[in-house]
Structures are given as structure tokens and as C-alpha cells.
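Dear colleague,

Please find the structure below, followed by a short account of what was found in it.

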Amino acid sequence: MSTGKLSIFCTGATGYVGGHGLQRILAHPLAHTFDITALVRNPESGKILESKFGVKAVVGSLKDLDKLTELAEGAHLVFQAADADDEPPMEAILAGMKKRHEKTGDTPILIHVSGAGFLIDDPRGEFASPTITSDLDIDAIDAIPRTAVHHAVDLLVAAADTEGYARTYIVAPGIIYGFPSGPLFEAGVAKRNMNQVSWYAEAFLARGRAGVVGKGACIWADVHIDDTAELLYLLFDKALDDPAKLGHGREGYYFAENGEHSLYALCKAIGTGLVEAGRADDAEPTEFTAEERAKIFGGDFIAFLHFTNARCRADRPRRDLGWKPVYKTEELYRVAKKEVEAALKKQLGRTAA
Ligand SMILES: NC(=O)c1ccc[n+]([C@@H]2O[C@H](COP(=O)([O-])OP(=O)(O)OC[C@H]3O[C@@H](n4cnc5c(N)ncnc54)[C@H](OP(=O)(O)O)[C@@H]3O)[C@@H](O)[C@H]2O)c1
């Protein structure tokens, strides 16, 4: 039954990106007119979402394809922040959006969180790529192969827009950093799993020194979680309120970055944290041996995937959304050192238990 409110369906609400995105949406001035449903795996998180935040929770997973279709069909806007790589859940969501369009004439909106990882090459840490892709360069994005990381799902999303039954937007952040904060995290609904920086901090702490693949010379774009949430919020707001000039479909890629770092510099910042914590004598990263790549990354495939280039410019959100990110890469290095402290606390907690 229609409530006369704006129906929103959200995946990934209990995660790092989705949690920050949803809590910004909940702070929208018109949030009282939103009817939000979130798919959650943990019933306890669902209960808190309902009781404290007025978000209806449906317990289920991305494997529940019929449920995804039904929930997507019921929403004018879908915010997808659970998985950027799994095609069947996206196909199920799009099937629901298509049904909605065919039955009601509504053209629903999809905001899909992908990642700048679709830009990566294979330098194995040896060199910095000179290629920097702007999200305004549609030809460059069109040239990305379907087999690139995340991209098979992106193409499904963009195709739905081309077909005309949905208006779609793809947000592609570089490495997102920063400790989680805000009401959903404080209430214990959302949590941050390990991200790249926290994961390196733990691995380097165990290793007793920072490490890199090859020279660590490769470069990734980076963005703070608060700036990412702000971009998602601005896109959400504009997609609803003033979409006419907003790029969508194959022209609807929105990179999220406010700087870039070499993997060497990031790993050295973690190394500096180790030295400051008295856990290493030298901040300089050393090259991982093949045995270490197997032990730390589970093999060369993942190790080499980390030490790639993903260089981009978030020109579209700056131009079309007025996005003004605050944090720069220096903050990533500061956070990297803090992640060492967090990793140390976790290690000490484990030892004490
Ligand atoms: N973090 C980054 O640096 C970064 C950068 C670029 C792109 N991204 C993309 O952003 C998306 C979200 O990343 P994140 O860092 O927020 O990850 P995260 O903290 O692990 O959150 C993932 C969210 O998705 C939910 N989820 C995962 N698998 C699910 C399943 N099978 N069924 C139902 N729910 C499921 C999780 O639910 P539970 O709480 O039940 O686990 C959680 O709410 C990913 O697609 C990622 O590739 C992340």
C-alpha cells in the first residue's frame, strides 16, 4: 500500500559506505517524507534500525534474489552499497525496477556504489601509470573492458538507463579512509569491516615492518569517508530534486577522490606509525618476499591487485553536484598512523583475552 511517501530501498546499510550514506540521507531536511527499507543480514541491527531510526528492516541476503526484486519494485530510489561485483543481485534489483516502470510508469532511480578499481592495471608495484581518467571522459570509461574489476555490474546498471526503465548513477570511490562515526555507528547498527589501511596496519604490525610489492611505486586515488558520504548525499538530493543536468547511465559515473598517494607513501606512513609505537626500527617499507605475499595476501593474485594504479579525477561531482571534499591525502597518512594504534589495541585485547 502506498504511504504517499518517497519509497527508498537500501542495501549495505550496516556497512562502512552504506552506513555513512544512509545516515546522511536520514539527516535530509525531508527525511520525514521518506519511507526507507533496508535489507539486513543481522536481525539485531534490523531491530535497532526500526526502533531508533524509523527504517524498516527486511532480514535477508543478496542471495535472496526474489526478495531483492520485490523490494526494488517497491522503491522509487534504490541505494546499493553492499556489493559491487556480484551480478545476480544487481540483475534481481534491476528486474524489480523494470517491473515498477512497466506497471506504474515511474522511472526509478538507482545509486550504485562501485569503485575506481575498474581502472587498475598490472604494474606489480613497479611503476606509476601516467594515465589519469576523468569521469567526464565518457570515451575512456566506455573503453574499460567488461572483465575489469566491478565493471560487469556497472555495465548492467548503465544498460538499465539506456533501456529507459531506470535512471542510474554509479559512484566510484578510490581508497576510502577514515574511522567511522555518526549515529548508525554509535548505535551499533553499522560497523566498518577491515579496509585496506586497517588491514595493512595489522599485517605490518605482525610483520614488524611495513612492506610493499615491487617498489610500491603505483598510485591510487583516495577519499575520506565523510567526503564520500557527502557526495552520496548530494547525488541523492539532486537525483530526486533537480536531475535535468545530471549525467546518468553511461554518462553517470561519479568518481570520488580528493588526492592520490603512492602505495609506497601509504605503507611508509603505516611504517612511521609502527616506529612511533615502538614496533619497528625503521619506517621504510621493504619488499615482500614471495613467501610473505602468499602468507599475507593468500598469493600473488591478490598481492598484485593491491599494488596497482587507479588514478582518476572526480570532475563530475565537483562540476554537477558542487561537491567540495574537505580532506586531502595528508589526512590519509595521519589516519594510517592511527590505524596502527587501533591495530595495536586489537592485538593487546586479543593477548589479554
Ligand atoms: N571501503 C572502501 O575503501 C571502498 C572503496 C571503493 C568501493 N567500495 C565498495 O563499496 C561497497 C561497500 O563497501 P564497504 O567498505 O562499505 O564494505 P562493508 O563495510 O563490508 O559493508 C558491506 C555491507 O554490505 C552488506 N553485505 C555484504 N554482503 C552481503 C550479502 N551477501 N547480503 C546482504 N548484505 C550484504 C554488509 O552486511 P553485514 O553487516 O551483514 O556484513 C554491509 O552492510 C563495496 O561494493 C565496495 O567494493 C568500497
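UniProt positions are given in the numbering used here, feature names are shortened, and annotations may be inferred rather than shown by experiment. The unreviewed UniProt entry places the feature "domain: NAD(P)-binding" at residues 12–101.

This is a predicted model, in which local features need pLDDT of at least 70 and side-chain atom pairs count only at pLDDT 80 or more, while totals for chains, interfaces and linings use all residues. Residues are numbered from 1 along each chain as its sequence is written, and side-chain values use heavy atoms, with hydrogens and water left out.

- A ligand oxygen is 2.5 Å from a side-chain N or O atom of T14.
- A ligand oxygen is 3.0 Å from a polar backbone atom of G15.
- A ligand oxygen is 3.5 Å from a side-chain N or O atom of K191.

Taken alone, the ligand exposes 890 Å² (Shrake-Rupley method, 1.4 Å probe), of which the protein buries 79%.

With kind regards

Key
A polar contact is a pair of N or O atoms within 3.5 Å; within protein, one must be able to donate a hydrogen and the other to accept it, and residues adjacent in sequence count only if both atoms are side-chain atoms.
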